Amino acid sequence: MPVTSQLLRGLPRAKILASSLLPCQQHRSQLGPVAHRPASKRPSHMWQSHRHSRCYQTTSVLRSYILSPPQVNSILKANEYSFKVPEFDGKNVSSVMGFESNQLPANAPIEDRRSAATCLQTRGMLLGVFDGHAGCACAQALSERLFYYIAVSLLPHDTLCELEAAVEAGRALSPILQWHKHPNDYFSREAQTLYFNSLRTYWQELIDLTSPGEVPDTREALLNAFKRLDNDISLEAQVGDPNAFLHYWVLRVAFSGATACVAHIDGQDLFIANAGDARAVLGVQEEDGSFSAHTLSNDHSAQNEDEVARIRGEHPPSERKTVIRQDRLLGLLMPFRAFGDVKFKWSIELQKRVLESGPDQLHENEHTKFIPPNYHTPPYLTAEPEITYHKLRPQDRFMVIGSDGLWETLHRQEVVRIVGEYLTGVHQHQPLKVGGYRVTLGQMQGLLEERKARASSAFEDQNSATYLMRHAVGNNEFGTVDHERLSKMLSLPEELARMYRDDITIIISQFNPHVIGAQRQEGQS
């Protein structure tokens, strides 16, 4: 869907909670009242009183509309993408064999974005998942811009000078990135000049700050790229633009928000830069052939004690009880790190000044006019990423990057098991668990037959991300894909889907153990 259409759809209910505001995409369901989503997304007081009416007047409708397997497959496969990396990419033998990705919307339009690109001026591959909230604008901007900021940050001084000289002389620029995009992955043409000018200002400053022959540090490059892009998003919104559309767009980007989880893979070197609650997990194959999960990133939320301590330490003791309430920043925002979200970063005076000079569309938006409660010592939010490093080993077979919509439905160990079985074709059957349910012998026989059928049809999906998504949406209480459940979840109308699940975005990269093993031997010799 074109961005111009997305902008006019309002702000979906996502990770920002403001009980005093009306939901921006408020549809009146013809199916009757339905409760809010479970407590993982909303405080209990917001939905507790409706808990027993969650399926009020919906059950009969959902039962009467069961999608056929081809229809289910059509929905699940609509956004799948795969890319196979050439064994030799022109600079070195690649440790990445390829990647597969997919997206499944719950919001309309989807607020998640994904990006994948190969660095052409340096080495390595970039993979990223961006989970938007209060609209899709910020996540859209990140999907187009962040990799360029990272790629420029990784360029040596001499290459930066060559770029600037080419622009000055009006010559064509050598490409920095080779993008790997699904046809549905949108690029906003209207903003490209603005984006380029901001990026150019950044590399001009890097030229002044670096010296000839200096090679950038990957960790510092990732850190600087995240912080600089978030700063540019803020600055562009404050300055505005003579073009009415662009003026509105940069404000929408700044007032919405997005988390980001990005991987940079170069040979054995794997860096993860994460800001928010998307997650990267490594699939490690053990000697017995089973797979174990190795977490590569930390969620920046109330469940992370270090994050809670960091935020409380950045504000006066008088705000200790208010800076985090109901597991949300200022009682509103679930992720504790994010791009955009200037309502949690700007002073009240700056917010009012920018909004007063902004277009009429913003004045009609309740979200932008709302000031968070107990807002005394901004900024409360940062886009500074937490960066982790892992040196790849031959047993590290794949990596899964997913938005929180995936991790809310499946535990990381279950994710790794499902993907590992798909990639190897070897199913590690665990003892059949029924989770405390009373099961007759006939039902047990049915479960065992279903397991057998699932193993024989494991390659119905040609994309590992699609296969994982099928499990994330369709798994029943016994850990098997239930077609009826999957069909119901996929046939929910737009106004109901977001109440039962979040947008899901998955990128699965597969590593070449032979190349990694050879590189490790070379490094040790």
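Throughout these legends, a residue is called buried if its relative accessible area is under 20%, exposed if over 50% and partly exposed in between (1.4 Å probe, protein chains only). The model is predicted: local features need pLDDT of at least 70, side-chain atom pairs count only at pLDDT 80 or more, and totals for chains, interfaces and linings use all residues. Residues are numbered from 1 along each chain as its sequence is written, and side-chain values use heavy atoms, with hydrogens and water left out.

**View 1. Overview of the protein.** The fold contains 19 helices and 15 strands; helices (H or I, at least four residues) and strands (E, at least two) are DSSP runs, numbered from the N terminus. Of the 525 residues in the protein, 55% are buried. Among contacts (heavy atoms within 4.5 Å) with a separation of 6 or more, 76% are made by residues 24 or more positions apart.

**View 2. The aromatic pair of Tyr81 and Phe99.** Rings of Phe, Tyr and Trp (its six-membered ring) pair if their centres lie within 6.5 Å; planes under 30 degrees apart count as stacked, over 60 as edge-to-face and the rest as tilted. By this rule the protein has 14 aromatic pairs. In the tilted pair of Tyr81 and Phe99, the ring centres are 5.9 Å apart and the planes make an angle of 35°. Tyr81 belongs to strand β1 (residues 81-84) and Phe99 to strand β2 (residues 96-104), so that the pair links parts of the chain 18 residues apart. Tyr81 is buried at 17% relative accessibility, and Phe99 is buried at 3%.

**View 3. The aromatic pair of Phe271 and Tyr389.** The ring centres of Phe271 and Tyr389 are 4.9 Å apart, and their planes stand at 50°, so this pair is also tilted. Because Phe271 lies in strand β7 (residues 269-275) and Tyr389 in strand β13 (residues 386-391), the pair ties together parts 118 residues apart in sequence. Phe271 is buried, with a relative accessible area of 12%, whereas Tyr389 is partly exposed at 37%.

**View 4. An aromatic cluster.** One aromatic cluster is formed by Phe130, Phe147, Tyr148, Trp179 and Phe187.

**View 5. Packing of helices α3 and α16.** Helix α3 (residues 69-76) packs against helix α16 (residues 464-474) at an angle of about 115°, and their axes are 10 Å apart. Axes are lines fitted to C-alpha atoms, for helices over the stretch in contact, and angles run from 0 to 180 degrees between N-to-C directions. The crossing of α3 and α16 is right-handed; a crossing is left-handed if the near helix is turned anticlockwise from the far one by less than a right angle, and right-handed if clockwise. On the α3 side, Val72, Asn73 and Leu76 meet Thr466, Met469 and Arg470 of α16. By class, this contact has three nonpolar, two polar and one charged residues. Ala, Val, Leu, Ile, Met, Phe, Trp, Tyr, Cys and Pro count as nonpolar, Asp, Glu, Lys and Arg as charged, and the others, Gly among them, as polar.

View 6. Arg228 is placed in helix α7 (residues 218-239) and is buried, with a relative accessible area of 15%. Leaving aside residues up to four places away in sequence, Arg228 touches Tyr149, Thr201, Tyr202 and Glu205. Phe339, in strand β12 (residues 339-340), is buried with a relative accessible area of 0%. The C-alpha atoms of Phe339 and Cys138 are separated by 7.3 Å, although the two residues are 201 residues apart along the chain.

**View 7. Cysteines.** The structure holds zero disulfides, a disulfide being a pair of cysteine sulfur atoms within 2.5 Å. Cys136 is buried, with a relative accessible area of 5%, and Cys161 is partly exposed at 30%.

**View 8. Backbone features in loops.** Most residues other than glycine have a negative phi, and most peptide bonds are trans. A cis peptide bond with omega of about 0° joins Ala108 and Pro109, and Pro109 lies in the loop between β2 and β3 (112-119). Another cis peptide bond joins Pro378 and Pro379, with omega of about 5°; Pro379 is in the loop between α12 (366-369) and β13. Ala134 has a positive phi, near 55°, and is found in the loop between β4 (125-133) and α4 (137-154). Ala134 is buried, with a relative accessible area of 4%. Asn374 likewise has a positive phi near 55°; Asn374 lies in the loop between α12 and β13 and is partly exposed, with a relative accessible area of 28%.
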